[in-house]
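Work through the exercises below with the coordinates open. Each task is followed by a stepwise solution.

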Amino acid sequence: MNEHSGTNIQLLGPFDSFRDYLQALEHAGLLVRIKEMDQDRYEATGFAYRLQDRYGNERAPAFLIERVKVDGKWIDGPVIGNPFGSWASEAIGFGLQPSEMSQEADYLAVLEHLKTKAKDDGQWPKVPPVEVERQSAPCKEVVLKGDEIDITTFQFLKGNPSEGGRYINSANVVMNDPELGKNVGTYRCQIKGPRKLGLNPEPGQHGWRILMAKKRRGDKIAQVALALGTDPIMFSLSGCKAAAPGEDELELVGGVKGRPVDVVLCETSDLMVPAQAEMIIEGEVPLDVQEPEGPYAEMWGYLGLEKPRNFIVNVTCVTHRHRPWVTNNFMTPMRGFYTGIMEANAFLRFKKMAPSLTGIHSPAGMPGVTILSIEKRFPGEAINTALPIASRFNIAKAIIVVDNDVNILDLRAVMHAVGSRWQPHPASLKIEQMQGMVVDPSTQQNGLTSKMVIDATRQLPAEGGPDSYPPVSRQLLSQLQPDVFDYVDSRWAEYWRDRRPRNVH
């Protein structure tokens with residue numbers, strides 16, 4: 001059940017609107033308000049990197065900028081950064097009370113919560129969306145058509161001075177196809193003019209396949225709609241590829257939330273869009289026209305290449321709430337969406353193929369690295385567990401397998417296992433070619449990569465390991481003095497009571 005304060009702020013999710021979610025984060029102390037930032041000096045981007053430096057990817061708070069300077073002009077915001085960054089914010093978004101001691105515990109609680117949502121066969125439940133009248137849809141408070149439209153007047157940012165321009169990088173792009181079904185995907189959109197955008201679905205992605213199928217059938221245009229400022233579960237499901245091709249992501253959102261999503265009809269097409277969104281940008285993709293797009297600072301932390309030919313969108317209508325809230329997804333330093341959905345979905349899929357699997361984690365800020373934990377029983381089990389994941393989980397390029405006594409959310413514990421349990425030979429497997437991520441900067445041919453499995457489990461004698469491993473010191477402490485950490489936690493404030501203030505001079 002959701003909790004409410006005396007001012008009717010919804011404290012726990014699931015949320016129907018992005019604003020309600022942000023208010024809950026602020027109430028929980030997980031959002032920083034900033035009066036203004038000069039993005040002509042890339043101040044907001046620098047601030048995002050500094051948050052990562054000081055807090056780490058999974059603990060940095062969200063921030064809200066009330067006014068930004070863009071191209072020499074001050075524009076009223078707000079602009080929101082890092083709304084999905086901290087593990088505690090993810091717990092709030094799924095309706096779980098955050099822990100006072102550990103954000104790691106928050107994330108583990110989210111993963112367990114999501115696993116209980118799935119059916120026995122590992123599939124997510126579905127609840128069809130419900131259409132509402134336009135007068136009750138907040139995204140229709142303001143309607144702009146024709147010459148009234150000027151995308152450049154909104155608070156969209158250029159995130160890096162090397163990028164090709166200002167970007168809309170946090171939109172749920174809605175498409176529909178009679179053969180390939182519906183798609184709500186997250187694709188970067190470069191602002192090319194007051195009523196023109198670049199659109200970048202990568203080859204092979206569902207949105208790209210829809211546009212190419214329409215083109216092959218002889219269609220001249222494709223209708224699209226960009227939904228900005230959707231609720232956190234909707235945005236995350238749009239970006240994490242939990243839906244199978246053709247599945248309606250909005251039905252999955254309803255299933256995870258336990259209630260239907262409100263949708264409303266577009267003004268210039270027959271597409272249905274989230275009614276609670278901050279803004280809807282409707283448009284047409286001319287399928288026989290392509291233009292240069294990019295470059296763009298991608299999630300891998302490198303500048304993505306300029307695309308010499310990419311899709312464009314001619315904007316036909318913009319509807320939005322009064323003073324819409326806009327999220328800028330600072331791709332490199334920030335966690336771009338709730339990763340719990342992606343990891344719970346991966347675990348449920350791969351657990352059926354690898355029964356010994358006990359956990360899977362792809363650390364934020366470390367794209368390409370995936371950590372597995374297993375309950376090891378037989379020689380070769382770590383490699384056997386990793387193989388189906390390597391072949392089907394594109395982002396997993398370096399796969400580290402550890403025993404289930406290792407906390408896979410704690411990178412120090414993982415690297416300790418690598419240093420103390422792994423022998424490069426024979427406990428490694430190099431895979432020369434597999435499907436990978438298109439935006440991986442280390443690949444010569446987009447979409448193909450080599451992969452490596454590192455078996456950092458305790459090697460059994462049959463695998464060349466020792467006859468026995470010495471016990472882990474910390475585990476011995478917990479076994480022989482079970483109350484030690486509870487006792488230390490109870491006295492934590494007392495330890496720091498007489499600490500001298502830090503000399504800042």
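This is a predicted model: local features need pLDDT of at least 70, side-chain atom pairs count only at pLDDT 80 or more; totals for chains, interfaces and linings use all residues.

**Exercise 1. Aromatic pairs**

Task: Classify the ring pair Tyr21 and Phe84 by geometry, then the pair Phe350 and Phe393.

Solution: 
- Step 1. The structure contains 15 aromatic pairs. For Tyr21 and Phe84, the centres are 6.4 Å apart and the planes make an angle of 15°. Planes under 30 degrees apart count as stacked, and this pair is stacked.
- Step 2. Tyr21 belongs to helix H1 (residues 18-27), while Phe84 is in the loop between strand E4 (73-81) and helix H3 (87-93), so the contact ties together parts 63 residues apart in sequence.
- Step 3. Tyr21 has 0% relative accessibility and counts as buried; Phe84, at 5%, also counts as buried.
- Step 4. For Phe350 and Phe393, the ring centres are 6.0 Å apart with the planes at 70°, so the pair is edge-to-face.
- Step 5. Phe350 lies in helix H8 (residues 339-353) and Phe393 in the loop between helix H9 (381-392) and strand E23 (398-403), 43 residues apart. Both Phe350 and Phe393 are buried.
- Step 6. Tyr21 and Phe84 also belong to one aromatic cluster, whose members include Phe15, Phe94 and Tyr338.

**Exercise 2. Salt bridges**

Task: State which residue forms a salt bridge with Arg19, and find whether Asp71 is buried or exposed.

Solution: 
- Step 1. Side chains of opposite charge can pair when their charged atoms come close. The structure holds 32 salt bridges.
- Step 2. The partner of Arg19 is Glu278, with the closest N and O atoms 2.8 Å apart. Arg19 is in helix H1 and Glu278 in the loop between strand E14 (272-274) and strand E15 (279-286), 259 residues apart. Arg19 and Glu278 are both buried.
- Step 3. Asp71 meets Arg166 in a salt bridge at 3.8 Å, N to O. At 57% relative accessibility Asp71 counts as exposed, whereas Arg166, at 11%, counts as buried.
- Step 4. Another salt bridge joins Glu381 and Arg377, with the closest N and O atoms 2.8 Å apart. Glu381 counts as buried at 8%, and Arg377 as partly exposed at 49%.

Terms used: Residues are numbered from 1 along each chain as its sequence is written. Side-chain values use heavy atoms; hydrogens and water are left out. Rings of Phe, Tyr and Trp (its six-membered ring) pair if their centres lie within 6.5 Å; planes under 30 degrees apart count as stacked, over 60 as edge-to-face and the rest as tilted. Helices (H or I, at least four residues) and strands (E, at least two) are DSSP runs, numbered from the N terminus. Buried means under 20% relative accessible area, exposed over 50%, partly exposed in between (1.4 Å probe, protein chains only). A salt bridge is a side-chain nitrogen of Lys or Arg within 4 Å of a carboxyl oxygen of Asp or Glu.
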